[in-house]
Amino acid sequence: MNTITIDGVQIPFEEGQTIMDAALAAGIYIPHLCHKPGLSPHGSCKLCTVDVGGRSVSACTAAAQPDQQVINNSEELTETRKTITQMLFVEGNHLCPTCEKTGDCTLQAVAYHLDMLDGHYPQFYPKREVDASHDFIMLDRDRCILCELCVRASREVDGKDVFAISGRGTAAQLIVNSPSGKLKDSDIDKDDLAAHICPVGAILIKEHGYEVPIGSRTFDLHSVAETDLGEVSLKKTREHHE
Amino acid sequence: MTTENQRNSSNHLLHVLFDEQQRARHISDGAIITIAKKLNLPRSQVESVVDFYAFFYRQPRGSFDILFSNCTSCGALDLMKQLCDRLNVQPDKTRADGRISIGQASCIGMCDHGPSALVNGRTLATLSSDVIDDMAELIEAGTDLACWPSRWFQVGNNIRKEGLLLSESFEPGSALKAMADRSSDEILDEITNAGLKGRGGAGFSTGMKWRFCRDAESQTRYVVCNADEGEPGTFKDRILLNSHAEEVFEGMTICARTIAATQGYLYLRGEYRYMLETLEATLQKLRDTGLLGHNILGLGFDFDIDIVVGAGAYICGEESALIESIEEKRGIPRIRPPFPVTSGLWEKPTVVNNVETLAAAAKIILHGHDWFESHGTWQSKGSKLLSVSGDCSRPGIYEYAFGITVQQVLDDAGAGDVQAVQIGGPAGKLIGSEYFNRHIAFEDLATGGSFMIFNRERDILAVIANFSHFFAHESCGFCTPCRVGTRLLKNGMDKLCNGHATARDMKELKHTSELVACSSHCGLGATATNPIRDGLKHFPGLFEERLLHKEMEPEFNLDASLAEARAITDRGDAEAHL
């Protein structure tokens, strides 16, 4: 059996698995935002940066190799991940107390996990467009972290092509593939995975914002490590709320 | 898009968008929909490409659209200001009558010509204050570009020193004839034994690259020539494509026969569009003489080359981003592995080689590996074309055998009182005089060819800040550290140059630049912070001198924040400042 070692713990892997796949299967949490099992790996958020033989690699895209020595939890890596999370906070407009996703937001949960206490860097305060045109789905680009989970979910699971990323650098932004560029003219459906997969509050289902009270939300009850390892799936949490 | 529905060149998305930009001075929402329909692409793909490449605009530009280079060598920002003042136009705001718009472009590869710009995509080299005055008159009179003085558009070679590649003439077809009776393995051995390494700077063995590609399982393979020479200070590919294009194309053809490819692409940076017509004519001549196309030289193999022209994106010099660009997408570097040699263009095995590498490959096949190997150092065989620019009396192309010292290059170029040299461009190394006895070679100072000289009158911090702006502008935006980090570093360098930084800001620059270097997705992020890191390492005194004080300075600058209020109330007086 092929194995890799993460922080001294030997775990098995199968041919074709990434370090992230092997870690999740073995119940080891590596912080991540742009990764979701079932969707093609992306490697853009860089939160899952781990150390392999002195090199920084993304656990979600790096193939597991026999006898690989991986460092996942170290002071340096926690610092790197915290800084990356701070970068994500300051480049967008993330105002947790007024965001309806608070408590269910993975960015926020990761920040808690990493003991991030402030944004550290000066805010960019970008001007980004809100698209409230759709009857059931809201697109608030202020909170988008460009993880492309919605882009991939639409293409790979929903069999559509509703979202894309446009532009470059910090001007990169989420766009909608419809004649008007508005959600209402796209073929998105409120049951699509793309409408629900957003880890932050950028894509929201309208009229359900405060059904679960603050204090009883996913990350009020569980850490992001628990939820992402699937020990407590989001679905289960919803049942729990009910 | 699959191999079955590759477009002919005129229908390539980048070319269609260029034509539309020229015709309508922008790409309107309507044009995006029309083009998407015509090319059978998702509307979002067309929109995302328009917004990615610097030379496409969503808002109308002027009938004369002038982009001044902001490079430290071919930059012309003082001349830009002069033209703005003369024509009463704000940068990046098209004048109300639609006649003129003025903006900036990253290095346009005219560093040996001094101040340069692009007008409607055409290169204007060797600008001066007098030229700007004349230009302003021609613009106000609405004089067509065809009637502008032709000398303004002339681009010279400025070859100062010839070596292995440049010194002899080349007879098209001679290298192909030399390979005619040799097997693929023999050719691979010849290239490998010559010790040829990639001339883009990374230095991967060309023979190995070709072999990996040939041995990858596939019916289809591609050869791509990377002529997206975007590293500020580099212009050697310009000279090779201008005067040695047949060798480059023959190098591609040799590669194609060796790896069994039938289609090749030359990816030409948009800034070199002025060479397109000549290059197309050269390709046609090669076809007409049986050196390209069907059954080349009667050897029983087919190969042809298309040219794809970029549109202002440094990142497309990264081979997988370049491939994405040929595939009509944003230039986002792919996850590697798989490397292009196993999964490249349309997921087929692809060799991507630098212009200079391909020219050298053709010559190696012609003269044999001994000829090549006898030049250079033990780990760096052959010669290197250096693009020398900046503070020197003889800027231009210098071809040396590998192993030359920095000091020798400086002496040859007529550079005195040198404070620092940027080797390999902003993504390379910034060195001070204590390193001038070091050697240009892969095992010492590796370089793609950029060699920028700064004398003691230069403000090195301003140079580093210029490079930080460059990287923030050119970051593709895919990964968090590079997207956000390059902008933070740009802001940090500006704060320092403006005299507002403190000791804490220096620490921040160090911390952020290290993080960006080690956790970014591709080589751009990995190298983008080199100027800052080298600066802090080799010129710490320059940073410290510029600090406001060594204690704390608030991040929030109240006076700067009131700028908008002052503008609204039309107040510029002292009372309106803190």
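This is a predicted model: local features need pLDDT of at least 70, side-chain atom pairs count only at pLDDT 80 or more; totals for chains, interfaces and linings use all residues.

User: How does the radius of gyration of chain A agree with that of a compact globule?

Analyst: For 242 residues, a compact globule would have a radius of gyration near 18 Å; chain A has 18 Å, so the two agree. Along the principal axes, the C-alpha atoms of chain A fill a box of roughly 50 × 40 × 40 Å. Of the 242 residues in this chain, 48% count as buried. Among contacts in chain A with a separation of 6 or more, 63% come from residues 24 or more positions apart.

User: How many residues of chain A are in contact with chain B, and which elements contribute?

Analyst: One counts the residues on each side, then assigns them to elements. Here 27 residues of chain A are in contact with 29 residues of chain B. On the side of chain A, the elements that give two or more residues are α2 (75–91) and β8 (163–166) of chain A. The largest share, 6 residues, comes from α2(A).

User: Is helix α3 of chain B covered or exposed, and what does it pack against?

Analyst: A residue counts as buried if 20 or more other C-beta atoms lie within 10 Å of its own. In helix α3 (residues 43–52) of chain B, 10 of the 10 residues are buried, and the helix is mostly covered. Among them are B:R43, B:E47 and B:D51, as well as B:V46, B:V49, B:V50 and B:F52. The buried residues of α3(B) pack against elements of both chains: β8 and β9 (173–176) of chain A, and α1 (13–24) and α2 (29–39) of chain B.

User: At what angle do helices α7 and α8 of chain B pack?

Analyst: One considers the angle, the distance between axes and the handedness. Helix α7 (residues 184–194) and helix α8 (residues 206–215) of chain B pack at about 150°, with their axes 7 Å apart. The angle therefore makes α7(B) roughly antiparallel to α8(B). The crossing of α7(B) past α8(B) is left-handed.

User: Which residues meet there?

Analyst: From α7(B), B:S184, B:L188, B:I191 and B:T192 meet B:T206, B:G207, B:M208, B:W210, B:R211 and B:R214 of α8(B). The residues of this contact divide into 4 nonpolar, 4 polar and 2 charged.

Conventions:
Residues are numbered from 1 along each chain as its sequence is written. Chains are lettered from A and ligands numbered from 1 in the order in which they are written. Axes are lines fitted to C-alpha atoms, for helices over the stretch in contact, and angles run from 0 to 180 degrees between N-to-C directions. Helices (H or I, at least four residues) and strands (E, at least two) are DSSP runs, numbered from the N terminus. Angles under 35 degrees count as roughly parallel, over 145 as roughly antiparallel, 65 to 115 as roughly perpendicular and the rest as oblique. A crossing is left-handed if the near helix is turned anticlockwise from the far one by less than a right angle, and right-handed if clockwise. Two residues are in contact if their C-beta atoms, placed from the backbone, lie within 7 Å. Ala, Val, Leu, Ile, Met, Phe, Trp, Tyr, Cys and Pro count as nonpolar, Asp, Glu, Lys and Arg as charged, and the others, Gly among them, as polar. The radius of gyration is taken over C-alpha atoms; the globule rule is 2.2 Å times the number of residues to the power 0.38. A residue is buried if 20 or more other C-beta atoms lie within 10 Å of its own, exposed if 12 or fewer, and partly exposed in between; C-beta atoms are placed from the backbone.
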